[in-house]
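Biologist: I am new to this structure. Could you walk me through it, one question at a time?

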Amino acid sequence: MSTKVAVVTGSNKGIGLAIVRALCKQFDGDVYITARDVGRGEAAVKTLNSEGLKPKFHQLDINNLNSIKTAAAFFKGKYGGVDILINNAGTAFKASDPTPFGVQAEVILTTNFFGTRDMSTHFLPMIRAGGRVVNISSMLSVTGLKQCSPELQQRFRSEDITEDELVGLMRRFLDDAKKGEHKQHGWPDMAYSVSKIGVTVLSMIHARRLSKERPNDGILVNACCPGWVRTDLAAPGAPKSPDEGAITPVYLALLPPGAKEPQGKYLSDKEVQPW
């Protein structure tokens, strides 16, 4: 019986590190902290070592295709596949940041949507039967969806939207944002919201695809909101600790063998939410 393995992107701090902590306690297998910066990743391993936990580390920058391919080859070679993938890595700007909207949009979507998509492209084919994929989204994806034009809402809620169409829509938003025309073309005025709409819809597309292409493998793909958590991205006054923010992602990662639901859903507080 090969060793099971869980991979958490962007997990040297915040919610990602809290997810690793919980998985080290609850998952029967190897759990990997991944981070762009080797020093920060190794420091995070030591932090959890001091708590009596034994995560492993692998360098991974989801904005770097070579880094993704190298990591995929490592997990394929060492484990033959992956059992749990949690796409947690993400970025945002503070509300007070003076960086122009179009530049912010490019930075945010490059990581939150396109980086997550690249991870999925290279890791989904090696998710093992019974595997779990959890994409960290946000309640702001729902807020942002409601602020989209009726036409955009219809496509983002559609059962037949394809990955290519979704990518095209995300690129269209970037073009509109750079021209300062996003609002008049039916987009919300928050690039972070749009990036997380992309993550939520991508999760639904991948769930449908895996259910169709690998119907007997029981792989579940879902998106979730960890809640408003005290991290570098959120405010110090947020109500949830990182460990509390990890509860729903870990719940989805550890759905029991044979579970059929939830699949292709968006959850918060362990409950499926309307989309």
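Biologist: Let us start with β6. Is strand β6 largely enclosed or open, and how many of its residues are buried?

Modeller: Keep in mind that this is a predicted model. Buried here means under 20% relative accessible area. Strand β6 is largely enclosed by the rest of the structure, because the buried residues number six of the six.

Biologist: Which residues of β6 are buried on each side?

Modeller: In a regular strand, side chains alternate between the two faces of the sheet. Both faces of β6 are covered. One side has Leu220, Asn222 and Cys224, and the other has Val221, Ala223 and Cys225.

Biologist: Which residue of β6 stands opposite Val133?

Modeller: β5 and β6 (residues 220-225) run parallel and are joined by five bridges. Arg132 stands opposite Leu220 in β6. For Val133, the residue opposite is Val221.

Biologist: And which residue of β7 stands opposite Cys225?

Modeller: β6 also runs parallel to strand β7 (residues 266-268), with three bridges between them. Opposite Cys225 stands Ser268.

Biologist: Now to β2. Why is strand β2 described as largely enclosed?

Modeller: Strand β2 covers residues 30-35. It is largely enclosed by the rest of the structure because the buried residues number five of the six.

Biologist: What is the hand of the crossover from β1 to β2?

Modeller: Strand β1 (residues 5-8) and β2 run parallel, joined by four bridges. Val8 stands opposite Ile33 in β2. Between the two strands the chain passes through helix α1 (residues 14-26), and this β-α-β crossover is right-handed.

Biologist: Which residue in β3 is the bridge partner of Ile33?

Modeller: β2 pairs with strand β3 (residues 56-59) in the parallel sense, over four bridges. Together with helix α2 (residues 38-49), these strands make a right-handed β-α-β unit. The partner of Ile33 in β3 is Phe57.

Biologist: Is Gly29 buried, partly exposed or exposed?

Modeller: Gly29 lies in the loop between α1 and β2. The C-alpha atoms of Gly29 and Ser2 are 9.5 Å apart, although 27 residues separate them in sequence. Its relative accessibility is 27%, so Gly29 counts as partly exposed.

Biologist: Are Tyr32 and Tyr79 buried or exposed?

Modeller: The cut-off for buried is under 20% relative accessible area. Tyr32 has a relative accessibility of 2%, so it counts as buried. With 7%, Tyr79 is also buried.

Biologist: Now the second largest pocket. Which strand gives the largest share of its lining?

Modeller: This pocket holds about 320 Å³ of space. Its lining has 19 residues, with Lys4, Gly130, Arg132, Leu255 and Pro257 nearest the centre. β4 and β5 each supply at least two lining residues. The largest share, four residues, comes from β5.

Biologist: How many lining residues of the second largest pocket are nonpolar, polar and charged?

Modeller: Sort the lining by class. The counts are nine nonpolar, five polar and five charged.

Biologist: Last one. How far apart in space are Thr143 and Ile197, C-alpha to C-alpha?

Modeller: Thr143 sits in helix α5 (residues 139-147). At 36% relative accessibility, Thr143 is partly exposed. Thr143 and Ile197 are 54 residues apart in sequence, and their C-alpha distance is 9.3 Å.

Methods. Residues are numbered from 1 along each chain as its sequence is written. This is a predicted model: local features need pLDDT of at least 70, side-chain atom pairs count only at pLDDT 80 or more; totals for chains, interfaces and linings use all residues. Side-chain values use heavy atoms; hydrogens and water are left out. On a 1 Å grid over the protein atoms alone, a cavity is a set of points where a 1.4 Å probe fits but cannot get out, and a pocket is an open set with protein on both sides within 12 Å along at least five of seven lines; lining residues have an atom within 4 Å of a point. Grid points are joined across faces, edges and corners, and a volume is the space filled by probe spheres set on the points. Ala, Val, Leu, Ile, Met, Phe, Trp, Tyr, Cys and Pro count as nonpolar, Asp, Glu, Lys and Arg as charged, and the others, Gly among them, as polar. Buried means under 20% relative accessible area, exposed over 50%, partly exposed in between (1.4 Å probe, protein chains only). Two strands pair if DSSP finds at least two bridges between them. A crossover is right-handed if, with the strands pointing away from the viewer, the path from the first strand over the helix to the second runs clockwise.
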